[in-house]
Amino acid sequence: MKLYDYIIVGAGVAGLYAALNIPSSKSVLILSKDPLWECNTFYAQGGIATATDEADIPSHIEDTLKAGAGLCDKEAVEILSRNSISVVEDLINRGFPFDRDADGNLLFTKEAAHSKPRILHAGGDATGRELHKFLLSQTRAKVLEGVIVVDLLIEGDTIYGVTIRQGGKQTQLYARCVIIASGGVGSLYEYHTNAKKISADLQGLAALKGLQLMDMEFTQFHPTVFVYNKRARKLLLTEALRGEGATIVDEEGRRFLLDYDERGELASRDIVSRAIYRHQKEGHQAYLDFSNFTEEFFKKRFPTIYRNFQNLGYDVPRQRVPISPAFHFMMGGIATDTWGRVYGMRNLYAVGEVARTGVHGANRLASNSLLEGLVFSKRAVEDSLMLGNDWKMREFSPKQFILTKSGDKQRKQLLRKTMWEKVGIIRRRSELQEALQIVTDMEKEDIGHLLRLRIASAKSIIEAALARKKSIGAHYIEGE
Ligand SMILES: Cc1cc2nc3c(=O)[nH]c(=O)nc-3n(C[C@H](O)[C@H](O)[C@H](O)COP(=O)(O)OP(=O)(O)OC[C@H]3O[C@@H](n4cnc5c(N)ncnc54)[C@H](O)[C@@H]3O)c2cc1C
């Protein structure tokens with residue numbers, strides 16, 4: 001039987017930064033699906049939001065609260081912003097290479113709904129890739145790759161460990177403290193920007209174990225995504241492009257967003273997503289236009305996007321790229337307090353995108369999520385170091401899960417299509433009811449455990465969307 005001080009589920013920014021903050025005297029095991037880099041952190045482009053200095057904290061808080069449409073937890077937002085300066089300093093002290101100008105000053109960029117430039121980036125538009133590589137290189141913890149967590153070992157109000165599936169075998173691993181850092185829910189949707197393996201397993205487990213999920217109706221759709229590639233993960237065109245001057249136009253080159261909001265391209269994501277969605281429904285095309293950029297600037301500031309789209313045959317920045325909205329980020333998740341403690345549980349934490357800390361409210365301010373992963377994972381570790389000594393080992397009898405059954409692949413596709421069409425950018429009560437019926441029927445079929453977890457997560461989104469009768473933030477409902 002294996003016993004660790006900590007098991008961390010997930011090797012994205014939240015899981016890796018949690019591990020970095022745990023004293024080296026503790027045994028730590030990080031679990032990740034395969035391959036290690038296939039997480040949302042790796043794909044993050046724009047950067048990390050931070051208050052630029054003490055004087056900027058009130059404005060960062062204000063922008064975050066405004067984006068959250070009044071539904072943020074104000075205390076959590078204050079904690080996020082106040083701690084932003086120290087976590088960024090910590091990264092710099094550890095040697096993380098944020099982009100700088102020729103004089104060595106940090107380069108801050110602006111993204112939608114921020115009132116000033118306060119986004120730090122690395123590798124131009126490869127912040128996530130750089131950060132993931134860097135955090136992995138710093139970690140001393142044992143990392144187990146190619147593992148799927150399929151159960152949480154919970155008895156009463158205490159967690160004792162997890163069940164994993166690795167190489168066809170299911171094993172129980174025990175820990176005094178479990179930190180869930182398993183990311184969002186992207187694969188529930190037909191069109192999404194997320195890493196392929198981000199499939200809401202732990203949100204599903206939480207639902208089945210009776211843990212509280214909150215704000216699940218708040219699903220953010222990114223407005224500028226190239227959805228015409230074959231892969232499950234669609235290609236994001238970062239907000240920073242618009243921050244730097246790219247425009248959104250229709251087939252006639254008209255900036256139609258100005259018909260919807262005077263801020264045009266810099267309106268919040270949900271407004272821009274809905275405007276594009278509606279314009280497309282009226283039979284128009286939508287494009288991201290880079291004609292304000294020189295090739296030299298584009299290549300240097302957005303090297304990954306430049307390379308990806310040149311490879312796809314688009315002569316950027318001269319040629320515009322067709323875009324559509326796609327699912328991007330989950331504001332809700334496993335409900336925690338501001339120390340990452342899962343409500344009602346001992347020794348169990350949730351951090352990063354899987355958690356609902358209250359910092360995002362009804363809508364996330366751009367680039368606040370890498371920051372959330374850094375700030376709250378550190379706090380969760382700080383809190384865990386003060387846990388009492390009354391945890392006693394308890395062994396669980398082995399339970400085998402059948403992970404997939406025949407027909408699951410088709411059902412998964414139906415689930416994704418249902419979520420996109422009926423639980424998407426613009427929702428109707430009748431369609432949400434239809435979606436609920438579809439998943440409730442599916443749940444009664446002879447299905448595998450992994451699909452059951454997805455369904456549990458999807459159901460929590462649909463039920464939350466039905467419960468929220470009025471549009472607010474990223475939840476937009478119209479008609480019956
Ligand atoms: C294309 C894209 C661009 C983005 N750009 C930005 C940006 O510029 N700035 C910003 O702040 N945010 C951005 N975001 C959002 C941000 O990247 C994520 O919210 C954040 O990285 C989530 O980090 P995380 O550590 O919580 O989860 P992730 O980085 O997604 O990591 C999740 C981990 O959990 C593991 N896992 C999941 N399920 C299981 C399981 N059952 N068993 C074992 N392991 C499991 C995965 O293998 C992975 O290791 C972007 C997101 C995307 C998709």
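Mentor: A residue is called buried if 20 or more other C-beta atoms lie within 10 Å of its own, exposed if 12 or fewer do, and partly exposed in between, with C-beta atoms placed from the backbone. The model is predicted, so local features need pLDDT of at least 70 and side-chain atom pairs count only at pLDDT 80 or more, while totals for chains, interfaces and linings use all residues. Residues are numbered from 1 along each chain as its sequence is written.

Trainee: What makes strand 16 mostly covered?

Mentor: Seven of the seven residues of strand 16 are buried. A strand here is a DSSP run of E with at least two residues, a helix is a run of H or I with at least four, and both are numbered from the N terminus. Strand 16 covers residues 324–330.

Trainee: Why is methionine 330 called buried?

Mentor: Methionine 330 has 30 other C-beta atoms within 10 Å. The definition asks for 20 or more, so the residue qualifies as buried. Its place is in strand 16.

Trainee: Which residues is methionine 330 in contact with, leaving aside its neighbours within four places in sequence?

Mentor: They are Gly184, Val185, Thr219 and Glu353; contact means that two C-beta atoms, placed from the backbone, lie within 7 Å.

Trainee: What makes strand 12 and strand 16 edges?

Mentor: The open sheet has the order 12-11-16, with antiparallel pairing. Strand 12 (235–236) and strand 16 each have a single partner strand, so one side of each lacks a neighbour in the sheet.

Trainee: How do strand 7 and strand 8 run, parallel or antiparallel?

Mentor: Strand 7 and strand 8 (residues 158–166) run antiparallel, joined by eight bridges, and valine 147 stands opposite glutamine 166. Their hairpin has two residues between the strands, and glycine 156 takes a positive phi near 60 degrees. Strand 8 also pairs with strand 9 in the antiparallel sense, over six bridges. That hairpin has two residues between its strands as well, and glycine 167 in the turn has a positive phi of about 55 degrees.

Trainee: Which strand does strand 1 pair with over seven bridges?

Mentor: Strand 1 (residues 2–9) pairs with strand 9 (residues 169–180) in the parallel sense, and the bridge partner of tyrosine 6 is cysteine 177. Strand 1 is also joined to strand 2 by four bridges, again running parallel; valine 9 stands opposite leucine 31 there.

Trainee: How do you know that the span of helix 5 agrees with its twelve residues?

Mentor: The expected span is 1.5 Å times one less than the number of residues. For the twelve residues of helix 5 this gives 16 Å, and the end C-alpha atoms are 16 Å apart, so the two agree.

Trainee: Why are the buried residues of helix 5 said to line one face?

Mentor: Thr127, Gly128, Leu131, His132 and Leu135 are the buried residues of helix 5. Their directions from the helix axis to the C-beta atoms fall within an arc of 120 degrees, so they line one face. They pack against helix 1, helix 2, strand 3 (48–49) and helix 11.

Trainee: Which residues come nearest to the ligand?

Mentor: Of the 44 residues around the ligand (C-beta atom, placed from the backbone, within 6 Å), Gly10, Gly12, Gly46, Gly183 and Gly352 come nearest. Helix 11 gives the largest share of the shell, four residues.

Notes. Pairing = 2+ DSSP bridges.
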